[in-house]
Amino acid sequence: VKLYGGPISPFVRKVGICIIDKGLDRQVEPVRAFTAMVQVNRQLMQRNPLSKIPTLETASGTVLYDSDVICEYLDAQSSVAPQLFPPAGDARWQAMCWNALGSGALDALVLWRFERNRLPEQQSPEVLTAFAAKLAVVFNRIEAEMPMIASASYSIAHVSFGCLLGYSDFRFADLDWRAGRPRTCDWYERFTQRPSAQRTRPYDDARFDGKAYPAGFEPFWPPI
Ligand SMILES: N[C@@H](CCC(=O)N[C@@H](CS)C(=O)NCC(=O)O)C(=O)O
């Protein structure tokens with residue numbers, strides 16, 4: 001089984017966390033694939049026409065995308081706890097909706113980053129203002145719902161929120177999501193102690209710091 005991706009993408013991180021949580025890390029080979037909104041990867045496109053990461057290729061050659069499809073597939077491949085996608089009922093809809101909130105916010109951050117990296121004269125102030133407004137409300141909603149989130153069984157929702165907060169620290173430290181959101185801070189502190197979170201900490205190859213990983217935890221994506 002091959003996972004195409006890299007150590008920065010928060011969507012790839014969701015999949016990496018599921019792989020480790022489900023005890024599948026020895027069965028999945030991480031394969032570096034570079035792609036960007038304005039730089040298509042022709043080889044990757046032969047598998048995933050969207051030229052996006054994560055893309056998973058199973059042992060029988062079936063190709064799966066996007067992150068949610070891959071995560072649910074992995075959850076079904078292993079009976080190891082935790083079950084990341086509750087099978088039915090309110091717990092399922094709640095987890096799926098929280099996952100949509102976390103992943104939707106990540107989509108917004110990725111687009112926001114693209115916009116703010118354009119030349120100043122090409123940037124749209126309306127677009128930048130809209131992203132800032134959305135993200136502030138998302139972080140407030142997560143803080144407001146944190147008592148429920150923290151007491152729900154660990155699921156894809158928690159994977160998604162952890163990746164959102166981690167990516168925010170990595171690329172949007174200026175948003176300062178911690179300010180005035182103590183419950184989210186407490187929960188995230190606990191999330192980052194999980195081996196799957198530690199091994200998938202995002203890093204830039206040019207600035208890889210092996211000391212950022214606790215002894216015994218190797219990065220899921222080996223540095224190049
Ligand atoms: N909805 C997709 C989003 C994946 C995504 O946007 N990945 C980014 C990297 S963080 C990408 O591959 N971008 C390349 C592109 O937009 O062409 C998922 O959940 O997998």
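Trainee: Which helices each supply at least two residues of the lining of the second largest pocket?
Mentor: Those are α6 and α8, and α8 spans 195-199. Keep in mind that this is a predicted model.

Trainee: Which one gives the most there?
Mentor: α6 gives the most to that lining, with three residues.

Trainee: How many residues line the second largest pocket, and which lie nearest its centre?
Mentor: The lining has 17 residues. Nearest the centre of the second largest pocket are Arg-13, Tyr-188, Arg-201, Pro-202 and Ala-212.

Trainee: And what is the lining of the second largest pocket by class?
Mentor: Nine residues are nonpolar, three are polar and five are charged.

Trainee: How much space lies in the second largest pocket?
Mentor: About 310 Å³. For the largest pocket, the figure is about 1,200 Å³.

Trainee: OK, on to the largest pocket. What takes its space?
Mentor: The ligand does.

Trainee: How many residues line the largest pocket?
Mentor: The lining counts 37 residues. Ser-9, Thr-35, Ala-36, Ile-53 and Val-110 lie nearest the centre of the largest pocket.

Trainee: Which helices each supply at least two residues of that lining?
Mentor: α1 (10-21), α3 (67-77), α4 (89-116) and α6 (156-171) do. α4 gives the most, with six residues.

Trainee: How does the lining of the largest pocket divide by class?
Mentor: It divides into 19 nonpolar, nine polar and nine charged residues.

Trainee: Now the ligand. Which residues are around it?
Mentor: Ser-9, Pro-10 and Phe-11 are among them.

Trainee: What is 2.6 Å from an oxygen atom of the ligand?
Mentor: A polar side-chain atom of Ser-67.

Trainee: And what about the ligand's nitrogen atoms, say with Ile-53?
Mentor: A ligand nitrogen is 2.8 Å from a polar atom of Ile-53, and that atom belongs to the backbone. With Asp-66, a ligand nitrogen is 3.2 Å from an N or O atom of the side chain.

Trainee: How much of the ligand does the protein bury?
Mentor: Taken alone, the ligand exposes 510 Å². The protein buries 84% of that area.

Technical notes:
Residues numbered from 1 in each chain as written. Predicted model: local features only at pLDDT ≥ 70, side-chain atom pairs only at ≥ 80, totals over all residues. Heavy atoms only, no water. Near = heavy atom within 4 Å. Polar contact = N/O pair within 3.5 Å; in protein donor to acceptor, adjacent residues only side chain to side chain. Areas by Shrake-Rupley, 256 points an atom, 1.4 Å probe, with all protein chains shown as cover. 1 Å grid on protein atoms, 1.4 Å probe; cavity = no way out; pocket = protein on both sides within 12 Å on 5 of 7 lines; lining within 4 Å. Sits in = over half its atoms within 2 Å of the grid points. Points joined across faces, edges and corners; volume = space filled by probe spheres on them. Helix = DSSP H or I, 4+ residues; strand = E, 2+ residues; numbered from the N terminus. Nonpolar A, V, L, I, M, F, W, Y, C, P; charged D, E, K, R; others polar.
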